[in-house]
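Hello,

Here is the structure I promised to hand over. Please open it alongside this email; my notes follow below.

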Amino acid sequence: MNKKQPYMNFGAAGLFVIFGLLFFILLVRYFSIQITGEVGSQPLAAKAQQKYSRTGNLDAARGVIYDQKGEVIAEDTTSYNLIAILDKKMTTNSKKPNHVTDPEKTARELAKYIDMEESKIYSILTKDQFQVEFGKAGRDISHQTKKEIEALKLPGITFKRDSKRFYPNGIFASHLVGYADRIDEEDGTYNYVGKMGIEKTLNKELTGKDGKINYESDLWGYLLPNGEQKVTPAENGNDVYLTIDKKIQTFLEDAMNKVVEEYKPKKIIAIVADPKTGNILAMGQRPSFHPKTKEGIDNSWHNEAIETSFEPGSTMKIFTLAAAIEENKFNPNDLYQSGSYRVTSKDKAIHDHNGSGWGTISYLEGVQRSSNVAFAKIANEQLGFEKFREYLTKFGFDKPTGIDLPFETSGKIQYTWPIEKATTAYGQGTAITPIQQIQAATAIANNGKMMKPQVIDKIVNHDTGEVIRDVTPEVVSTPISAETAKEVLDILETVVSNKETGTGNRYQIDGYSVAGKTGTASIPDPKGGYLDGQEDYIFSFLGMAPKDDPKLIVYVAVQQPKIDHYSMGSIPVSMVFNPVMKNSLHYLNIQPSQQEKASTTKLADLNGQGVTETVKQLQESGLDVVVVGKGSKVTGQLPAADTNVLEGEKIIIQTDGKLIAPDMTGWSLRDVMKVAKISGMKLNSTGSGYVVKQNIKEGASLQKDDFLIVDLKTTEEKLEMEAKEAEENTEVPDEDLDNLPKD
């Protein structure tokens, strides 16, 4: 045993040296880290900060777009994306499964709420994936639909909160308002980018700046109770108030829909403006599109009122007449030979629209009959072509108006040869835009002062309410005097009122004197010359009312409606102009210039009155009353007290009882808005026309902040049937055709 002891001592000594050396290395390493704070040339504190420090994104809201009275036109709103969890590992308690356990039942139930076939949903739910989504059908789920799906308590079905750009009015000044597309970034954030209209023009002002939150977390990413936080608040986008008036725009949309249903034109362009300020109160066109779904956008990329110039036809005669009066060259009683006229011996003869003219007539009658010969002679022999060209510039026809909408084009004035100069005087050859005509017409309706067209009222800081930009009326120029403007209005009034010679008889409005000019513009044929079919024209009317002090200018152009004879072209135009002008004047409380049978009622304050008695009184006044409560006393009303309402208009009565949904089938969107507003619900609509479906059944309760969703549309089969019936019912006897005024 003693012989082995030296070897054992040697081994123990060796182990002691090894462990001592290791301990020394660890000690050196420890003090090295303590002193330098680095590991492998990497700062240890930075490593820890990187591991336990988190950054979160605070989404900024895009600015809200309002009409001039604060009604929402476009805003960001909360939506939800539908998600199904399929992985069985997500379930830890079999009694409370967290994954889809019954794909067949789940598919059957979900098919009732999303636009997807049950079989397709089932195929998605049986995929071998952790979780799945449902594409377009599963996005933009409303809060109401989310609540209804959650009430089914389907295992594995959940939702992800999201945001979307919401256009509550559907097809509503779509090309003016425009739309914004969502752009998803690689880091998981997203932005909305304006692609058309105000959304594009003011994209920078509407776009907010996302904020950030930096915080300390534990290993699993949860916020530490005493951890440091640094918050950079989100800066929301600025709000924009338009000059558009929601009610007048709705008048316009409804009128255009009726013309589309009955006459199926290729295009309609319509603008309503305030001549005193240049404010655009309504602007629309057909075809149009839905800014949320983009349905129809393939057929209507351009804002026709801004981006398209075309030969205006006889509405151009307004400005030729104004120039001649301003230069003291127009005598309404002077006589001339109508029918045909040669500018030079080498030029082809210019003809009046009826070919033969009306013999020797006065220039006043020539204006009333819309004689091309009269205006060619005025431009050539009275004004002189050079002076007339100066007025084309004064009225702004050779440059854009500068309106705050993208892609505005300018007029194309063809003014080289004598024949071109003469035809420009009555609206052929030269092309201008509808918005240029509106701007020029403000000089006629505003005592000679031409106003710049405006679509923006003001821009406001969303968070503070501070007005960042306040747009004021801008006088572009004064091409004519107030006296000239008055005389032009007086003459144009006879175009509408003179039953024997006026081409604008169809545009008379009971109680108001209208000054205006009809237009029938030929459409160039791509092969050369002009199209010559009975419907191959752009029929238009540019009117101002009341004549003595115009408060509104309305321009309507209808291209190639389905009619049997060109003389019927004024019918679809008047179907837009007349109701829009009349209803707008009533709405603005513009008093009629002559007594007429009362067609409006001023609503009293109904609050506190008995429901039964109130309904009876309103119905006796010719109003359509809808009660949305079960109580016995009135607690709210729309329209509000002291509002002038039209005969037959829907009046929504709120009672002290539980609010219930009426049957809104066949209602216009304007009337549905009243129910949404009085109940505090959020309105979402699809399509255009009249209600065919509503998400809340008749008799169900209306809950504040829930979504009221309505589908407005007319089937193609129904449209075709109605169009055929309309054509049959609107046939005009031959003897009446001869008496229709032609332009």
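Is Glu 381 buried, partly exposed or exposed? Glu 381 is partly exposed, because its relative accessible area is 48%. Keep in mind throughout that this is a predicted model.

**Salt bridges**

Glu 381 has a partner. Its side chain meets that of Lys 377 in a salt bridge, at 3.2 Å from N to O. Both residues sit in helix α13 (residues 372-383). They are four residues apart, about one turn of the helix. Lys 377 is buried, with a relative accessible area of 14%.

Arg 469 and Asp 404 form another salt bridge, at 3.0 Å from N to O. Arg 469 belongs to strand β21 (residues 467-470), while Asp 404 is in the loop between α14 (385-394) and α15 (418-425), so the pair ties together parts that are 65 residues apart in sequence. Arg 469 is partly exposed at 33% relative accessibility. Asp 404 counts as buried at 18%.

Salt bridges that share partners also build a network: Arg 62, Asp 76, Arg 165 and Glu 199 are joined in it. One link in it is the salt bridge between Glu 199 and Arg 165, at 3.0 Å from N to O. Glu 199 is in helix α7 (residues 197-201) and Arg 165 is in strand β7, 34 residues apart. Both ends are covered: Glu 199 is buried at 0% relative accessibility, and Arg 165 is buried at 4%. The count for the model comes to 29 salt bridges.

**A three-stranded sheet**

Next, look at the open sheet with the order β31-β33-β32. Its pairing is mixed. The edge strands are β31 (682-687) and β32 (691-694), and each pairs on one side only. Neighbouring strands are turned by 25 degrees against each other on average, direction ignored. β31 and β33 (residues 707-712) run parallel and are joined by six bridges. Asn 684 stands opposite Ile 709 in β33. Helix α20 (residues 669-679) lies across β31, β32 and β33. The helix runs at about 170 degrees to β33.

**Backbone points to check**

Most residues other than glycine have a negative phi, and most peptide bonds are trans. These spots depart from that.

- The peptide bond from Arg 286 to Pro 287 is cis, with omega near 0 degrees. Pro 287 is in the loop between β14 (280-286) and α10 (304-307).
- Leu 638 and Pro 639 are joined by a cis peptide bond, with omega about 0 degrees. Pro 639 lies in the loop between β28 (634-638) and β29 (644-646).
- Asp 140 is not a glycine, yet has a positive phi of about 55 degrees. Asp 140 sits in the loop between β6 (131-133) and α5 (143-151), and is partly exposed at 33% relative accessibility.
- Ala 173 has a positive phi near 50 degrees. Ala 173 is in the loop between β7 (157-166) and α6 (174-177), and is buried at 3%.

**Surface and interior**

A nonpolar surface patch covers about 730 Å². Leu 15, Ile 18, Phe 19, Leu 21, Leu 22, Phe 24 and Ile 25 make it. Phe 19 is in helix α1 (residues 5-36) and is exposed at 56% relative accessibility.

Thr 250, in helix α9 (residues 246-263), is buried at 7%. Leaving aside its neighbours within four places in sequence, Thr 250 is in contact with Phe 172 and Arg 670.

Best wishes

Notes:
Residues numbered from 1 in each chain as written. Predicted model: local features only at pLDDT ≥ 70, side-chain atom pairs only at ≥ 80, totals over all residues. Heavy atoms only, no water. Patch = residues over 30% accessible without salt bridge, like charges linked within 9 Å, V, L, I, M, F, W, Y side chains within 5 Å. Areas by Shrake-Rupley, 256 points an atom, 1.4 Å probe, with all protein chains shown as cover. Salt bridge = Lys/Arg side-chain N within 4 Å of Asp/Glu carboxyl O. Helix = DSSP H or I, 4+ residues; strand = E, 2+ residues; numbered from the N terminus. Buried < 20%, exposed > 50% of the residue type's maximum accessible area, 1.4 Å probe, protein only. Contact = heavy atoms within 4.5 Å. Pairing = 2+ DSSP bridges. Axes fitted to C-alpha atoms, helices over the stretch in contact; angles between N-to-C directions.
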